[in-house]
Amino acid sequence: MLIVMQPDAGVRQAGNVLGLCEAANFRPYLSMAQGCRVIAVISEDAEFAEAVRRLPGIASVQPLGSAAKLSTRAFRSENSVVRLASNNGTPPVCIGAGSCIVMAGPCAVEDRETLLECAHRVRAAGGHMLRGGAFKPRTSPYAFQGLGLKGLELLAEAREATHLPIVTEALSVDDLPVVARYADMLQIGARNMQNFALLRAAGETGKPVLLKRGMMATLEELLLSAEYILATGNESIILCERGIRTFEPSTRNTLDIAAVPVLRHQSHLPIIVDPSHAAGRRDLVTPLALAGIAAGADGLIVEVHPNPKRALTDADQTITLEAFEDLMNRVRKIELARA
Ligand code: PEP
Ligand code: MN
């Protein structure tokens, strides 16, 4: 249920609600919406709702059923900002704070030289974060599966050299402890969007989570997956539209550009666009990236490589470092135009 307090209700009145939650052993989630304190409780217990209604300062107690709660604007009306604090004196990276945050790097971490070259060039071009998979979800079990721990160590080295925070995928609950030890942000891939055990465990690490939309998932399903993470008390979530499967064969997936304003309307969470996996073709990456920014996305995640044709994974959709520089210049123009 969603408990909305009256606009003039103070800390004491909210404290009464929290007291009832504690007595009933319900975890309260606190927020503000339209200037009112809001408390969400993951229960529809009628007696509890009645007891809350009798308290002073309550505006409404609304049942929310199984629909998304904590990710919605009914729970938090203001946009959430995900902050990646730095420990080396550089300013934190803030996603959802108005400017476009670009994460770029190879699909997979392949070797030291390639990764470091990507990291330096991404940074020089104005990119904000380094991406790269150490654990790769591959359709074929015979394809390159990623370097695992070695890949994480290389990412840490690239972060040290460039101060770019790193985002990398955790494929399973078993990988999480080691990935969380190295990553600044955990990526949950499209294939794992509804791996509920992984979502919970990722939330419990306390690390920011980049949650990619499943290729056959509705936006409501994406938000419900975000709820699994939010329910752990971890509020640092970024939603990612990366294209969905449709009947159209000319692109690997179909970028659902409407997802950006639809999610923006429904949710306070930051939204980024992945034009690489949506396109599946490098010639379409820049136009799709620009469309994402024009539609209001908070950022992008893009696959780049010094020699894309030789990339071990997702070669067809990977752009050169020069193309990335050009993309960044164009992104800045769209960003100015939408301001
Ligand atoms: C990736 O980012 O390389 C990846 C595997 O993405 P997705 O989960 O969106 O397919
Ligand atoms: Mn990829």
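**Helix packing, a manganese site and positive phi angles**

In this predicted model, the buried residues of helix H6 pack against helix H5 (176-182), strand S10 (185-188), strand S11 (209-212) and helix H7 (219-230). Helix H6 itself spans residues 196-204, and its buried residues are Leu 198, Leu 199, Ala 201, Ala 202 and Gly 203. In an α-helix there are 3.6 residues a turn, so residues three or four places apart point the same way. After H6 comes Gly 206, which has a positive phi near 80°.

The manganese ion (ligand 2) is coordinated by Cys 107 through SG, His 277 through NE2, Glu 303 through OE and Asp 314 through OD, at 2.0 to 2.4 Å. Along the sequence, these donor residues follow the spacing C-x169-H-x25-E-x10-D. Cys 107 counts as buried because its relative accessibility is 4%, where the cut-off for buried is under 20%.

Backbone angles bring the reader back to Asp 314, which has a positive phi of about 50° although it is not a glycine; the loop that holds Asp 314 runs between strand S14 (299-303) and helix H11 (321-338). Most residues other than glycine have a negative phi. A further positive value in a residue other than glycine is found at His 163, whose phi is near 65°. His 163 sits in the loop between helix H4 (149-162) and strand S9 (166-169), and with a relative accessible area of 33% it is partly exposed.

Note on methods: Residues numbered from 1 in each chain as written. Chains lettered and ligands numbered in written order. Predicted model: local features only at pLDDT ≥ 70, side-chain atom pairs only at ≥ 80, totals over all residues. Heavy atoms only, no water. Helix = DSSP H or I, 4+ residues; strand = E, 2+ residues; numbered from the N terminus. Buried < 20%, exposed > 50% of the residue type's maximum accessible area, 1.4 Å probe, protein only. Donors = N, O, S within 2.8 Å, 3.2 Å for Na, K, Ca; no water. Contact = heavy atoms within 4.5 Å.
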